[in-house]
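Visitor: Can you walk me through this model? I'll ask as I go.

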Amino acid sequence: MQRRWWSEDFTLSKRHLGGVLILLGVGAMAMALARWLLGTDPEGIGGLQLMALGGGLALIVLGGTLLPLGDMPA
Amino acid sequence: MGGKGTLRALSWGRRALWAVALTLLAAHLALYVYYAVALMRFPFDYDQGEGFELVDTLMFAEGRWPYRDVTHYPFYSSNYPPLFHVMLVPFAWIFGAGYWYGRLAGFLATLITAGAIGWIVWREERARWVALAAGLAYLASNTIYHVGPLFRQHITMVMFEVLSVAVLARVDVDGVGALPPHPQQGTPSPAPPASRADARLAALASTEGKPLAQARRKTQRRLALGLALLLAAGYTKQLALASAVAVFGYLFLRNPRRSLRWGLGFAAVGVAIFAWVDWATGGAWWVNAIAANVNAYFPSQFLGLFRQWLRLHGALIVPAALLVGYELYFTRLSLYSVWWVFAVANTALSGKWGAGDSYFATAIAATCVLSGIFLARTLRGGWRWPAGHPYLRRLGRLRAALSARCGALSAWAGVLVPAVYIVYALSVVKLPTEGAFFGPLADALGVRSSYGARYAFYDAAGWTPGYAAIGHIPTREDADNGWRIVEAIRSDPRPALSEEAGFSLRARRDVVTNPTQLKNLYENGLYDPAELIAMIEAQRFGVLVFRAQFYPPPVLDAAYRAYFPAEAIPMNGFRYEIWRPAPSAEVRAAFAVALENGGAVDVALTPKLAERWATHMIGYLGVDEHTVRVQVQPRGAGSRVRVQLERSDAGVD
């Protein structure tokens, strides 16, 4: 698997891309929620966190729609 | 016959619409050239901050770094990377301090960018008129119009970004890339080649022997050139980081190994330059170019600017987004699409304090590229849909219906495409509303100045926080008033503390402070203003010239105590205040007592200036102006300021 990933002709598929987008989306949402839960922002969820939550959700949905495309090159 | 008649009518309609679209876009270009020439002739700051970019250029021309310790006189440092200023050094050597060459450089950068956009569209789709319209669309944008011909580095960064993308987008064409899809990747791609580019690349995959080696060298040359241009963009302005991420993201999608190898090389060169500049400036580069750029963020500012961008460029954003969606689901992502996504995401930084609509310039360029490709491909009926695609299986009938009507759809596309550019050209209308030509034109179009009496300029963009309220043509009166400010500085032998550098440069005095930089550093806990405050309190400056008072609060507080606004001079729709030294600290203290108990103080000011100083002090000390009466009388060479207390309980039972 590792050798294949490092080969000169390996290219990422739509499924890989979908997975990456989902991870990024989860990460963005987790950071926004963590900042809220840890109370670093005294005013609760602010505009920046809402943007991160919305953007993260959009990335997760987008990534999910790419998963069925399987091995098509990204 | 009816069908033929319709097609003939569409053909005529297509030509007429193209004539209208290109005429409108050419009119935008003519206005842009007129505006650019007018700015090149204007001898002062037109947009705040231009003068400091000129100072940076002059410092480089003298062999000095503009990244300095701001705690000591002249309290100046730049916060931008050096390339734009270094490029202008030969002009500084030949012509000295001048705004015109920096504005000319910005203007030429936009022309090169527009040419590159048109070239990309033509190269990908071979559609002349669309390529031309795509390039002109970039220049027609309200944002590019008013930011383009400024002595600012931003638009040159965009030029390098576009050139880099133009080169790197072809890195797998006529060269060696990551195609064909890896055999172990499962089923081969069901998608047919998305474009001529992929088709040629697929053919090259079977290339062997010497041609393959040549192709490999060609790929490497393109990578090296494209990444060098990207590095140039980054060392023109830090904001190009998003384009770098987009490029390496794209290269990673195509082949992770190549992306990481070249990425390491790119990072090594970038970090080496960074480390060298930081070492050569004793760490001032890091503090001023990186640490000071962490500013307060206002989501509402970003959202306002984003909505404005959608409204103005919507006609092009829709086709651009459709192309991204098509590539995302039905074929491979091109560099153009990946770049567009990152460029649009990066506009979120426009919500920073001090940022603005110029942060959309890269997104606008990418939108012009993608929309041009989409519209040109639509025009030539170049869309291909992969057989067996999971999402298309359910839409088989629709696809069949579309294929059957391909000819008619192409004819309608011929009408639709110029119509898109007409809608766009009408969305981004802006023009001066005064003058022998523009006055009657504005009247005929029924538009009035968007800025009231401030200056004569209509801008369909409207205004939202962060949007640069510029674009008007500076007048002779503006230039004359600029020279009045210069004379005010020259009237005193001491240096001036001016919020804009141009006046000090023209008066041949030291340029003291870069106000917004001091403010940024102060708010990040990186600047102690004690020395500057001490100089202000000691009245070591002949005059202060304020426009927006973007200084650290303690500096402003010292200025309010030790100086007072003696005169206001309008220029370019802004009010420049000339502050002169106030009476001594003892007199100020005596006046403060008089405001509480009544009394009089003698000041070495003319009665007119004494009255202005007294009014300023009343405001600064927060005294209710209805509780005191101030009378000023001439006394010797100066004035006597007498304070009488009004009865504050008048009318109260």
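Visitor: Which strands of chain B does helix 20 lie across?

Guide: Helix 20 (residues 476-490) of chain B lies across strand 4, strand 5 and strand 6 of chain B. Its angle to strand 5 of chain B is about 155°. Axes are lines fitted to C-alpha atoms, for helices over the stretch in contact, and angles run from 0 to 180 degrees between N-to-C directions. Helices (H or I, at least four residues) and strands (E, at least two) are DSSP runs, numbered from the N terminus. This is a predicted model, where local features need pLDDT of at least 70, side-chain atom pairs count only at pLDDT 80 or more, and totals for chains, interfaces and linings use all residues. Residues are numbered from 1 along each chain as its sequence is written, while chains are lettered from A and ligands numbered from 1 in the order in which they are written.

Visitor: In what order do the sheet strands run?

Guide: The order is 3-4-6-5 in chain B, an open sheet of four strands with mixed pairing. Strand 3 (497-498) and strand 5 of chain B are the edges, each pairing on one side only. Two strands pair if DSSP finds at least two bridges between them.

Visitor: How many bridges join strand 5 to strand 6 in chain B?

Guide: Eight, and the two strands run antiparallel. B:Ala568 has B:Glu577 as its bridge partner in strand 6 of chain B. Two residues sit between strand 5 and strand 6 of chain B in this hairpin. B:Asn572, in the turn, has a positive phi of about 60°.

Visitor: And strand 4 with strand 6 of chain B: parallel or antiparallel?

Guide: Antiparallel, over three bridges. B:Val545 bridges to B:Ile578 in strand 6 of chain B. B:Phe546 stands opposite B:Glu577 there.

Visitor: Switching to helices. What span should helix 12 of chain B have?

Guide: Its 25 residues (256-280) should span 36 Å at 1.5 Å a residue. The expected span is 1.5 Å times one less than the number of residues. The end C-alpha atoms are 35 Å apart, which agrees. B:Gly282 follows helix 12 of chain B and has a positive phi, near 65°.

Visitor: Which residues of helix 12 of chain B are buried?

Guide: Among them are B:Arg258, B:Trp262 and B:Phe266. A residue is buried if 20 or more other C-beta atoms lie within 10 Å of its own, exposed if 12 or fewer, and partly exposed in between; C-beta atoms are placed from the backbone.

Visitor: Why does B:Phe160 count as buried?

Guide: Because 26 other C-beta atoms lie within 10 Å. B:Phe160 is in helix 8 (residues 154-168) of chain B.

Visitor: What is B:Phe160 in contact with?

Guide: Leaving aside neighbours within four places in sequence, B:Leu229, B:Ala232, B:Ala233 and B:Thr236. Contact means C-beta atoms, placed from the backbone, within 7 Å. B:Phe160 and B:Ala233 are 73 residues apart in sequence, yet 5.0 Å apart C-alpha to C-alpha.

Visitor: Which residues touch the most others in the largest nonpolar core?

Guide: B:Ile117, B:Ala137 and B:Val369, out of 194 residues. Helix 16 (residues 361-379) of chain B gives the most, with 12 residues. A nonpolar core is a set of buried Ala, Val, Leu, Ile, Met, Phe, Trp, Tyr and Cys residues joined through C-beta atoms within 7 Å.

Visitor: Last one: how many helices does chain A have?

Guide: Three helices, and zero strands. Of its 74 residues, 28% count as buried.

Key. Two residues are in contact if their C-beta atoms, placed from the backbone, lie within 7 Å.
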